[in-house]
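Here are a few friendly notes to read with the model open beside you.

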Amino acid sequence: MAPVKNGRYLFNEVPTGFPEPGKTTIYDDSQTIDPDTVPLNGGFLVKVLVLSVDPYLRGKMRDASVKSYSPPFYIGEPLYNYGIGVVVRSENSAFKPGDHLYGIFNFQHYVIENDPKKFKVIENKEGLPWSVYVGVCGMPGETAAYGWKEFAHPKKGEVAFVTAGAGPVGATVIQLAKADGLKVIASAGSDEKVAFLSSIGADVAFNYKTVNTRKVLEKEGPINIYWDNVGGETLEAALDFAEKHARFIECGMISSYNTTTPYHVKNLMKIVSQELTINGFIVGSIRHKYEDDFYATFPKRVASGEIKYKEHPVRGLENAGQAIVDVQSGRNFGKSVIIVADE
């Protein structure tokens, strides 16, 4: 096979607000690779098929000296995130050509890896699209399932409020809450997304851009469980309409990711007066408790239609920058996935 371009999507500079394609991130196709002859040195060559775009990537676009729970991207180096790739060649007994691997991949067409412990072979007996394994059957689905099991403690008839309900985490949480017999209030940022929330079972779905969140919670609450993906004013509203002993599951706060002046919640005393339980979590910290059961059961639930999902596919690695911006601004509808290559 003749050498082919091995395009990469690189981190170029630290943004001050929303990342800008062509400035914050750039596509570089100057490198080439011959998949048939490139030395593997005991490793394995993977053709990247699908990459995930998730809100937390914005936090990695920072000065490398700033500490955080997630390592930073480095200027001049490829972005990286969860993905699915297929093994092309292997000199490692752990994997053979044709194996589909799930794990963290650089944003590039071909990668040579050496550590099999970083990847999981996906058998996909259910015949799901590979992109599903970076969405509802991947990290976002894990986040919803593990966080709900660990922190929700649901009781039939309680009320849950889920923000960013049209995203892969929120949409999965809505369905888990309904399966547990809860009344679900859910918000999203467009009427089209609101219709999707209703279609997956939300009892009360509303567009937070056109409907006052406080009025909805006043009418439909008080709430017993709050799944927070946005923070800011919505968190403040949830605190005001929380029932005694409500559980707040802090999964993300995207309202503050792209601003230097985040909204400051003013009613934190509600945590005391309502005797609330607040749990923030990172999915990797509790993965070991639930991972085996998730992969044994969740793909089957998705394949059967019990758990529904929606994807926002973006074809072409060169379009990764716009996909990232769209997720940060809410212009995507469903799980954002980059289709890097067909098999």
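1. Let's start with Gln 175, which has its place in helix α3, residues 168-179. Please keep in mind, here and below, that this is a predicted model. Is Gln 175 buried or exposed? Its relative accessible area is 7%, so Gln 175 counts as buried, the cut-off being under 20%. The side chain of this residue reaches the backbone oxygen of Ala 171, at 3.1 Å. If you set aside residues up to four places away in sequence, Gln 175 touches Ile 200, Glu 306, Ile 307 and Lys 308.

2. Next, have a look at helix α9, which runs over residues 320-329. How many of its 10 residues are buried? Eight of them are, and the helix is mostly covered. The buried residues are Ala 320, Gly 321, Ala 323, Ile 324, Val 325, Asp 326, Val 327 and Gln 328. What covers them includes the strands β2 (8-11), β3 (25-28), β16 (311-315) and β17 (335-339), along with helix α1 (57-60). After α9 comes Gly 330, with a positive phi near 80°.

3. Which residues does Asp 326 contact, leaving aside its neighbours within four places in sequence? They are Arg 331 and Asn 332.

4. Now for a pair of helices. Two packed helices are described by the angle between their axes and the distance between the axes. For α2 (residues 139-152) and α8 (residues 283-303), the axes come within 9 Å and cross at roughly 105°. Angles of 65 to 115 degrees count as roughly perpendicular, and α2 and α8 are therefore roughly perpendicular to each other. On the α2 side, the residues that meet α8 include Met 139, Glu 142, Tyr 146, Lys 149 and Phe 151. On the α8 side, the residues that meet α2 include Val 283, Ile 286, Arg 287, Tyr 290 and Phe 298.

5. Aromatic residues come up at this helix pair too. Tyr 146 of α2 and Tyr 290, Phe 294, Tyr 295 and Phe 298 of α8 form one aromatic cluster. For the model, the count comes to 18 aromatic pairs.

6. Two lysines are worth checking against aromatic rings. The charged end of Lys 120 sits over the ring of Tyr 295, 4.6 Å from the ring centre. Tyr 295 is also one of the residues of the cluster in the previous point. Lys 310, for its part, lies over the face of Phe 333, at 4.7 Å from the ring centre.

7. Finally, some backbone details in loops. Gly 221 and Pro 222 are joined by a cis peptide bond, with omega about 0°. Pro 222 is found in the loop between α5 (213-220) and β13 (223-228).

8. Which phi value does Asn 41 have? It is near 50°, a positive value in a residue other than glycine. Asn 41 has its place in the loop between β4 (32-33) and β5 (44-52), and at 70% relative accessibility it counts as exposed. His 153 has a positive phi as well, near 45°. His 153 is found in the loop between α2 and β10 (159-162), and its relative accessible area of 48% makes it partly exposed.

Methods. Residues are numbered from 1 along each chain as its sequence is written. Side-chain values use heavy atoms; hydrogens and water are left out. Buried means under 20% relative accessible area, exposed over 50%, partly exposed in between (1.4 Å probe, protein chains only). Helices (H or I, at least four residues) and strands (E, at least two) are DSSP runs, numbered from the N terminus. Contact means heavy atoms within 4.5 Å. Rings of Phe, Tyr and Trp (its six-membered ring) pair if their centres lie within 6.5 Å; planes under 30 degrees apart count as stacked, over 60 as edge-to-face and the rest as tilted. A charge sits over a ring if NZ of Lys or CZ of Arg is within 6 Å of the ring centre and within 35 degrees of the ring normal. A polar contact is a pair of N or O atoms within 3.5 Å; within protein, one must be able to donate a hydrogen and the other to accept it, and residues adjacent in sequence count only if both atoms are side-chain atoms. Axes are lines fitted to C-alpha atoms, for helices over the stretch in contact, and angles run from 0 to 180 degrees between N-to-C directions. Angles under 35 degrees count as roughly parallel, over 145 as roughly antiparallel, 65 to 115 as roughly perpendicular and the rest as oblique.
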